[in-house]
Amino acid sequence: MEKEKFLSILNKLQNICNQVNAEEPENDVVYEVLQFSKLARNWDSVYRIANFYNHNWLGNVDFMHIPDFYQTLNNCLNYPIIIARKKENDELVGISTIKYDENTDEHLDPYFPEKDAKYFSITGILTKKDNPHKGIGKKIYEIAIRGAYDFEKEYPGTQIMCVIDCRNRQSLNALASSVERIKQSKLVGENKELPAHILGYYELRNSQTDTLLEAPTLVMEVELKAKEISEKTKQTNIEFSKPNDKEGLLEQLLLELKNKFMTYGINKPTIEEDSECGKVYFYLLRDAEKTRLQNITIIPNDTEKGNERVPRDDEEISKIMGPIQSISVEEER
């Protein structure tokens, strides 16, 4: 991400964090941009963040790709990161990296292969395990969307999207709730909204065997141009069922998802290679505007269980311990 754009989005996100914190002064949780925070100025900041990721997601491994130490460092240096911390003791209780990418003739993101797209992607919102503070994920979604909305005014044509496992009801509900709050609070104007819908989905397959490597993943976009509030679309339930054969789970999920999305029309896939993961089949829905998130309900029926993540060995990080490049950035005043 160009330095000018990087500094611009950092400042816009921090401005939104300040507004959110002022709106709820009694809240025990404070939101801020990591690169401007006191945490970023500590020598062990990246170790602490990598450790937070490692030990606070023990759910389905497909729901969130947990970065290792080096990925965490790269994210801290190159992308805006929103954090939530306890006001009383600065304990980290929530985090999300807001990545930015631009599709060109030389570089095309296989997971979002829209020609010439310039976009943010909200990745892996994670909250502290057994965290008593509710609504952190919704608030981080809201901050990211509002920050990107302001950024788009300076850099027109910017988009913001999010990908979630097709069974991840909690993440979809959090995103839908944040979009609804922006509308109800009139944060983008009277009788205005930022429409959010499912653009399509992708399949990640083994390049040699063509077998599915993970569950189908939904790709969602929140429009950054405020529009007049439109009529509600029809309620859609995406319900999954467990096959008797565990080996057939991923194909079963795909079949049920396709059957549901036939209503909206499914374009032929764009097929691209991810050199590190496999072959990516991206399917765009023809009537994507009808898949408004507020009217979509995911019913996983326990299909998400039985694939829990195991934390990495902490010895891996302990071997790296030592001074690293600072991730702190000077905030504009």
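I began at Phe-261: setting aside neighbours within four places in sequence, it is in contact with Ile-198, Tyr-201, Leu-218, Ile-238, Ile-266 and Leu-285. Contact here means heavy atoms within 4.5 Å. A note on the source: this is a predicted model, where local features need pLDDT of at least 70 and side-chain atom pairs count only at pLDDT 80 or more, while totals for chains, interfaces and linings use all residues. Residues are numbered from 1 along each chain as its sequence is written, and side-chain values use heavy atoms, with hydrogens and water left out.

**Cores.** Next I looked up the nonpolar cores, meaning sets of buried Ala, Val, Leu, Ile, Met, Phe, Trp, Tyr and Cys residues joined through side-chain atoms within 4.5 Å. Buried is under 20% relative accessible area, exposed is over 50%, and partly exposed lies in between (1.4 Å probe, protein chains only). The largest core holds 67 residues, and Tyr-31, Ile-122, Leu-175, Leu-218 and Phe-261 have the most contacts inside it. Helix 4 (residues 136–154) gives the most to this core, with nine residues. Apart from it I found another core, of 20 residues, including Leu-34, Ile-81, Ile-83 and Ile-327. Helices (H or I, at least four residues) and strands (E, at least two) are DSSP runs, numbered from the N terminus.

**Helix 4 against helix 5.** I then followed helix 4 to helix 5 (residues 169–184): their axes come within 8 Å and cross at roughly 55°. I took axes as lines fitted to C-alpha atoms, for helices over the stretch in contact, with angles from 0 to 180 degrees between N-to-C directions. On the helix 4 side, the contact includes Tyr-141, Glu-142 and Ile-145, and on the helix 5 side it includes Ala-174, Leu-175 and Val-179.

**Helix 2.** Among the buried ones I noted Val-46, Tyr-47, Ile-49, Phe-52 and Asn-54.

**Two aspartates with positive phi.** Asp-90 has a phi near 65°, positive in a residue other than glycine. I found Asp-90 in the loop between strand 2 (81–86) and strand 3 (92–102), and at 28% relative accessibility Asp-90 is partly exposed. Asp-130 is not a glycine either, yet its phi is positive, about 60°. Asp-130 sits in the loop between strand 4 (118–127) and helix 4, and it is exposed, with a relative accessible area of 70%.
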